Amino acid sequence: MTEIKVETWLRISNQLQELAYFLSTNPPMIKLKKWIDFSKVEGTYKQFDRQKNKYIRELINMINEFTVWITKVCQTQSYITILGT
């Protein structure tokens, strides 16, 4: 179990919003590697590259949904706890 302060979540949210903006500029794959770690699963880079526009839209949507949710939760909570690993 990990407790994370609201201030930390808001910084994370800001960084995610920066990532969403960066993604919306349709960056080349070489620049995406600075933000997204493709090394964990073999073939991920090639798969992402093949459907880049779709995956970027989905990532932006997921980031937007999460940042809206986390901002709302942070208005009423001091900490948010993560359970598990």
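Q: How exposed is N64?
A: N64 is partly exposed, at 37% relative accessibility. The scale, which uses a 1.4 Å probe and protein chains only, sets buried at under 20% relative accessible area, exposed at over 50%, and partly exposed in between.

Q: What kind of model is this, and how are residues numbered?
A: This is a predicted model in which local features need pLDDT of at least 70 and side-chain atom pairs count only at pLDDT 80 or more, while totals for chains, interfaces and linings use all residues. Residues are numbered from 1 along each chain as its sequence is written, and side-chain values use heavy atoms, without hydrogens or water.

Q: Where is N64 placed?
A: N64 lies in helix α4; helices are DSSP runs of H or I with at least four residues, numbered from the N terminus. The C-alpha atoms of N64 and Q17 are 7.4 Å apart, although 47 residues separate the two along the chain.

Q: At what angle do α1 and α4 pack?
A: Helix α1 (residues 6-24) and helix α4 (residues 52-74) pack at about 155 degrees, with axes 9 Å apart. Therefore α1 is roughly antiparallel to α4, a label for angles over 145 degrees. Axes are lines fitted to C-alpha atoms over the stretch in contact, and angles run from 0 to 180 degrees between N-to-C directions.

Q: Which residues make that contact?
A: On α1 they include W9, L16, Q17 and L23, and on α4 they include I56, I63, N64 and C74; contact means heavy atoms within 4.5 Å.

Q: How do the contact residues divide into nonpolar, polar and charged?
A: The contact of α1 with α4 has 14 nonpolar, 6 polar and no charged residues. Ala, Val, Leu, Ile, Met, Phe, Trp, Tyr, Cys and Pro count as nonpolar, Asp, Glu, Lys and Arg as charged, and the others, Gly among them, as polar.

Q: New topic: how many residues make up the largest nonpolar core?
A: The largest nonpolar core has 12 residues, among them L19, F22, M29, F48 and I60. Such a core is a set of buried Ala, Val, Leu, Ile, Met, Phe, Trp, Tyr and Cys residues joined through side-chain atoms within 4.5 Å.

Q: Which element gives the largest share of this core?
A: Helix α1 does, with 4 residues. A second, separate core of 7 residues includes I4, V6, W9 and I70.

Q: And K52: buried or exposed?
A: K52, placed in helix α4, is buried at 14% relative accessibility. Leaving out residues up to four places away in sequence, K52 touches N26, P27, P28, M29 and L32.

Q: What is the phi of N26?
A: N26 is not a glycine, yet has a positive phi of about 55 degrees. Most residues other than glycine have a negative phi. N26 is found in the loop between α1 and α2 and is partly exposed, with a relative accessible area of 45%.

Definitions and conventions
Helix = DSSP H or I, 4+ residues; strand = E, 2+ residues; numbered from the N terminus. Parallel < 35°, antiparallel > 145°, perpendicular 65-115°, else oblique.
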